[in-house]
Amino acid sequence: MTVVCAWCGALIAPGGEQLSHGICVSCATDFMSRLPRAFLESVADPDGTVTLFSGHKLPIDPRSASSR
Ligand SMILES: [Zn+2]
């Protein structure tokens, strides 16, 4: 099954003829930046990341994570 990003159309996972939609890491990062911080913290793992269905782990605040 081929998975493409529903937002920008980027290929996420090459596969067969069947097409499914997901979200790529860059769109997920952009999407998360628009969500309320309190919501992100409520769904984040103890290490401060949110795990996407695709298995990618995104820090809820990339700037503070990189400065630590
Ligand atoms: Zn995308």
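Colleague: What makes up the secondary structure of the protein, and how do you know that a run counts as a helix or a strand?

Modeller: The protein has 3 helices and 5 strands. Helices are DSSP runs of H or I of at least four residues, strands are E runs of at least two, and both are numbered from the N terminus. Along the sequence the elements follow the pattern β-β-β-α-α-β-β-α. This is a predicted model: local features need pLDDT of at least 70, side-chain atom pairs count only at pLDDT 80 or more, and totals for chains, interfaces and linings use all residues. Residues are numbered from 1 along each chain as its sequence is written.

Colleague: How do you know that β1 pairs with β2 and with β3?

Modeller: Two strands pair if DSSP finds at least two bridges between them. Strand β1 (residues 2–5) and β2 are joined over 2 bridges in the antiparallel sense, and 4 bridges join β1 to β3; therefore both count as pairs under that definition. In the second, V4 stands opposite H21 in β3.

Colleague: What makes the pairing of this sheet mixed?

Modeller: In general, strands of a sheet pair through backbone hydrogen bonds, either parallel or antiparallel. Here β1 and β2 pair in the antiparallel sense, whereas β1 and β3 run parallel. The pairing in this open sheet of 3 strands, with the order β2-β1-β3, is accordingly mixed.

Colleague: Why are β2 and β3 called edge strands?

Modeller: β2 (11–13) and β3 (19–22) each pair on one side only. From one strand to the next, the twist averages 40 degrees, where axes are lines fitted to C-alpha atoms, for helices over the stretch in contact, and angles run from 0 to 180 degrees between N-to-C directions.

Colleague: What lies between β1 and β2?

Modeller: The two strands form a hairpin with 5 residues between them. In the turn, G9 has a positive phi of about 80 degrees.

Colleague: Why is S54 called partly exposed?

Modeller: A residue is buried if 20 or more other C-beta atoms, placed from the backbone, lie within 10 Å of its own, exposed if 12 or fewer, and partly exposed in between. S54 has 13 other C-beta atoms within 10 Å, so it is partly exposed. The residue lies in the loop between β4 (49–51) and β5 (57–59).

Colleague: Which residues are in contact with S54, leaving aside its neighbours within four places in sequence?

Modeller: They are I12 and G22. Two residues are in contact if their C-beta atoms, placed from the backbone, lie within 7 Å. S54 and V25 are 29 residues apart in sequence, with 9.1 Å from C-alpha to C-alpha.

Colleague: Why does H56 receive the label partly exposed?

Modeller: H56 has 15 other C-beta atoms within 10 Å, and is therefore partly exposed. H56 also lies in the loop between β4 and β5. Its C-alpha atom is separated by 9.7 Å from that of A28, 28 residues apart along the chain.

Colleague: What makes A44 and D61 partly exposed?

Modeller: A44 has 17 C-beta neighbours inside 10 Å, so it counts as partly exposed. D61 has 18 such neighbours, so it also counts as partly exposed. A44 lies in the loop between α2 (37–43) and β4, and D61 in the loop between β5 and α3 (62–67). Leaving aside neighbours within four places in sequence, A44 is in contact with T49, V50 and I60.

Colleague: How many residues of the protein count as buried?

Modeller: Of its 68 residues, 3% count as buried.
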